[in-house]
Amino acid sequence: MEGHFRGPAFAWPEVVAAARQPDQDHTPAERLLLLVPACADSNRPREAVDLVAEALTALGARSDVRQVSEELLNSGRYWTPCPWVNVDDVLVGSGPHTYRRYGGELSREQLRLIADTLQPSGITDQQ
């Protein structure tokens with residue numbers, strides 16, 4: 001993230017869906033923890049803390065797991081939580097630093113391509 005300070009990149013449902021994809025090199029827990037720093041979602045469900053805590057535990061964390069999970073999800077180090085909304089069936093962020101917003105540098109076609117690629121099947125609204 002050095003040199004550009006742009007983000008967040010993902011809404012919470014996208015992170016969960018990406019983490020659950022088959023991967024020969026990484027477990028779902030590893031993928032989830034790798035993607036969490038690129039996610040800032042103001043509509044993230046409460047269960048997100050539990051899911052991240054489970055991932056930390058699966059990778060060997062043994063103490064203060066819930067606290068670390070909350071810190072990972074609530075860190076304001078890079079950007080503040082961003083609302084993600086569906087506009088014309090495209091999930092876009094409304095944060096000032098995300099590329100994935102209408103009126104930014106990406107065209108509507110590019111935003112649709114990204115959303116279609118990242119959108120978990122069956123998701124039509126924020127979960």
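These questions and answers walk through the fold, helix packing and selected residues of a predicted model.

Q: In what pattern do the helices and strands of the protein follow one another along the sequence?
A: The secondary structure comes to five helices and two strands. Read along the sequence, the order is α-α-α-α-β-β-α.

Q: What percentage of the residues in the protein is buried?
A: Buried here means under 20% relative accessible area. The protein has 127 residues, and the buried share of them is 35%.

Q: Among contacts between residues at least 6 apart in sequence, what percentage joins residues at least 24 apart?
A: Contact means heavy atoms within 4.5 Å. Of the contacts in the protein that link residues at least 6 apart, the share joining residues at least 24 apart is 57%.

Q: How many nonpolar residues are in the contact of α2 with α3?
A: The crossing of these two helices is left-handed. From α2 come A29, L32 and L33; from α3 come L51, V52, A55, L56 and A58. By class, this contact has no polar and no charged residues, and its nonpolar count is eight.

Q: Is the crossing of α3 and α4 left-handed or right-handed?
A: α3 and α4 pack at about 120 degrees, with their axes 8 Å apart. They are therefore oblique to each other. As α3 passes α4, the crossing is right-handed.

Q: How many charged residues are in the contact of α3 with α4?
A: The α3 side consists of A48, V49, D50, V52, A53, L56 and T57. The α4 side consists of V65, R66, V68, S69, E70, L72 and L73. By class, nine are nonpolar and two are polar, and the charged count is three.

Q: Is S69 buried or exposed, and what is its relative accessible area?
A: S69 is found in helix α4, residues 65-74. Not counting residues up to four places away in sequence, S69 touches A48, V49, V52, A53 and L56. S69 is buried, and its relative accessible area is 0%.

Q: Which residue has its backbone oxygen 2.5 Å from a polar atom of the R31 side chain?
A: R31 is found in helix α2. R31 is buried, at a relative accessible area of 10%. Leaving aside neighbours within four places in sequence, R31 contacts A18, A19, R20, Q21, D23 and H26. The backbone oxygen 2.5 Å from a polar side-chain atom of R31 belongs to A19.

Q: How far apart in space are R31 and A55, C-alpha to C-alpha?
A: R31 belongs to helix α2. In sequence, R31 and A55 are 24 residues apart. In space, C-alpha to C-alpha, they are apart by 9.2 Å.

Q: How far apart in space are A115 and V92, C-alpha to C-alpha?
A: A115 and V92 are 23 residues apart in sequence. Their C-alpha to C-alpha distance in space is 7.8 Å.

Terms used:
Residues numbered from 1 in each chain as written. Predicted model: local features only at pLDDT ≥ 70, side-chain atom pairs only at ≥ 80, totals over all residues. Heavy atoms only, no water. Left-handed = near helix turned anticlockwise from the far one by under 90°. Helix = DSSP H or I, 4+ residues; strand = E, 2+ residues; numbered from the N terminus. Nonpolar A, V, L, I, M, F, W, Y, C, P; charged D, E, K, R; others polar. Buried < 20%, exposed > 50% of the residue type's maximum accessible area, 1.4 Å probe, protein only. Polar contact = N/O pair within 3.5 Å; in protein donor to acceptor, adjacent residues only side chain to side chain. Axes fitted to C-alpha atoms, helices over the stretch in contact; angles between N-to-C directions. Parallel < 35°, antiparallel > 145°, perpendicular 65-115°, else oblique.
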